[in-house]
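Have a look at it first.

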Amino acid sequence: MWEMLNKSVMSEKPCAVLGDFWHPVLDRVREVELGHPAPWGEANGRLVYRAKSPDDVANHLTMKLKQT
């Protein structure tokens, strides 16, 4: 889903990941994309929200879905 959002293959949707596992993954992808000339989505803003708890995921997704 993240890659499809990143490459604009699918319409914008809220996306969240849960836990510390994702922290270095997100940091590395963002580091590479910010230095790349391609107009990828992650370089232009945060596509993926890293949540600390299941409640955090639910709150984030609820807030984002209400905005649409």
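The structure holds 2 salt bridges, counted when a side-chain nitrogen of Lys or Arg sits within 4 Å of a carboxyl oxygen of Asp or Glu. Before going on, a word on the source: this is a predicted model, where local features need pLDDT of at least 70 and side-chain atom pairs count only at pLDDT 80 or more, while totals for chains, interfaces and linings use all residues. Residues are numbered from 1 along each chain as its sequence is written, and side-chain values use heavy atoms, with hydrogens and water left out.

Here are the two pairs side by side.

| Salt bridge | Closest N and O atoms |
|---|---|
| D20 and R50 | 3.5 Å |
| E31 and R28 | 3.0 Å |

D20 is exposed, with a relative accessible area of 64%, while R50 is partly exposed at 25%. For those words, buried means under 20% relative accessible area, exposed means over 50%, and partly exposed is in between (1.4 Å probe, protein chains only).

E31 counts as exposed at 53% relative accessibility, and R28 as partly exposed at 47%.

Now for helix 2 as a whole. This helix covers residues 22-34, 13 residues in total, and reaches 18 Å from its first C-alpha to its last. That is close to the expected 18 Å, worked out as 1.5 Å times one less than the number of residues. Which residues of helix 2 are buried? They are L26, R30 and E33. These three cover an arc of only 70° around the axis, which puts them on the same side of helix 2; the arc is that of the directions from the helix axis to the C-beta atoms. Their cover includes helix 1 (2-6), strand 1 (16-18) and strand 2 (49-51).

Next, the aromatics. A search of the whole structure finds 1 aromatic pair. The rings of F21 and W22 have centres 5.1 Å apart and planes at 90°, so the pair is edge-to-face. (Rings of Phe, Tyr and Trp, using the six-membered ring of Trp, pair if their centres lie within 6.5 Å; planes under 30 degrees apart are stacked, over 60 edge-to-face, and the rest tilted.) F21 is exposed at 60% relative accessibility, and W22 is partly exposed at 28%.

Over in helix 3 (residues 54-67) you'll find H60. H60 is buried, with a relative accessible area of 11%. Leaving out residues up to four places away in sequence, H60 touches C15, A16 and Y49, where contact means heavy atoms within 4.5 Å.

Finally, the whole chain. Its secondary structure comes to 3 helices and 2 strands, following the pattern α-β-α-β-α along the sequence. Of its 68 residues, 22% count as buried. Among contacts with a separation of 6 or more, 62% come from residues 24 or more positions apart.

Notes. Helices (H or I, at least four residues) and strands (E, at least two) are DSSP runs, numbered from the N terminus.
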